[in-house]
Amino acid sequence: EVQLVESGGGSVQAGGSLRLSCTASGFSFDDSEMGWYRQAPGNECELVSTFSSDGITYYADSVKGRFTISRDNAKNTVYLQMNSLKPEDTAVYYCAPDAVSAVFAVVRLCDALGAWGQGTLVTVSS
């Protein structure tokens, strides 16, 4: 069974930092692209960042230069270091491998993961 456990969320003021962690099991982590997604109240689920099994990273324009994705295959964990946080970063953050994300349209993925008890809340105040 695919299991994903996100942690590291919290409440910070604008300009602050958080590091999110996602520990995974139930699939071949090393061979999987891992992605971070987020959904703010009233907004659609959006892709934030991905880290492929080949070491290729992607960042949404809204977080480029502020967020850094990394992974530790020995720990089956992917991280999202978030610096210079802005209020618009407020959202529930989710992680998922490509084997899961490929099943859903991005706009549906956060709802699906949330229904399965996933996610960590990040709140950034002005």
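A: A residue is called buried under 20% relative accessible area, exposed over 50% and partly exposed in between, with a 1.4 Å probe and protein chains only. The model is predicted: local features need pLDDT of at least 70 and side-chain atom pairs pLDDT 80 or more, while totals for chains, interfaces and linings use all residues. Residues are numbered from 1 along each chain as its sequence is written, and side-chain values use heavy atoms, without hydrogens and water.

There are two aromatic pairs in the structure (ring centres of Phe, Tyr or Trp, the latter by its six-membered ring, within 6.5 Å; planes under 30 degrees apart are stacked, over 60 edge-to-face, the rest tilted). Phe27 and Phe29 have ring centres 6.4 Å apart and planes at 40°, so this pair is tilted. Both Phe27 and Phe29 are buried. Phe104 and Trp116 make an edge-to-face pair, with 5.9 Å from centre to centre and 65° between the planes. This pair links distant parts of the chain, 12 residues apart: Phe104 belongs to the loop between α1 (98–101) and α2 (106–115), and Trp116 to the loop between α2 and β10 (helices are DSSP runs of H or I with at least four residues, strands runs of E with at least two, numbered from the N terminus). Phe104 counts as partly exposed because its relative accessibility is 27%. Trp116, at 52% relative accessibility, therefore counts as exposed.

Phe29 also has a charged neighbour: the charged end of Arg71 sits over its ring, 4.5 Å from the centre (CZ of Arg or NZ of Lys within 6 Å of the ring centre and within 35 degrees of the ring normal).

In strand β10 (residues 120–125) the side chains alternate. Strand β2 (residues 10–13) runs parallel to β10 and is joined to it by four bridges (two strands pair if DSSP finds at least two bridges between them). Ser11 has Thr123 as its bridge partner in β10. Strand β9 (residues 91–97) pairs with β10 in the antiparallel sense over three bridges, and here the partner of Tyr93 is Thr120.

A further sheet is open and has four strands in the order β1-β3-β8-β7, with antiparallel pairing. Its edge strands, β1 (3–7) and β7 (67–72), each pair on one side only. Strands β3 (residues 18–25) and β8 (residues 77–82) run antiparallel and are joined by six bridges; Leu18 stands opposite Met82 in β8.
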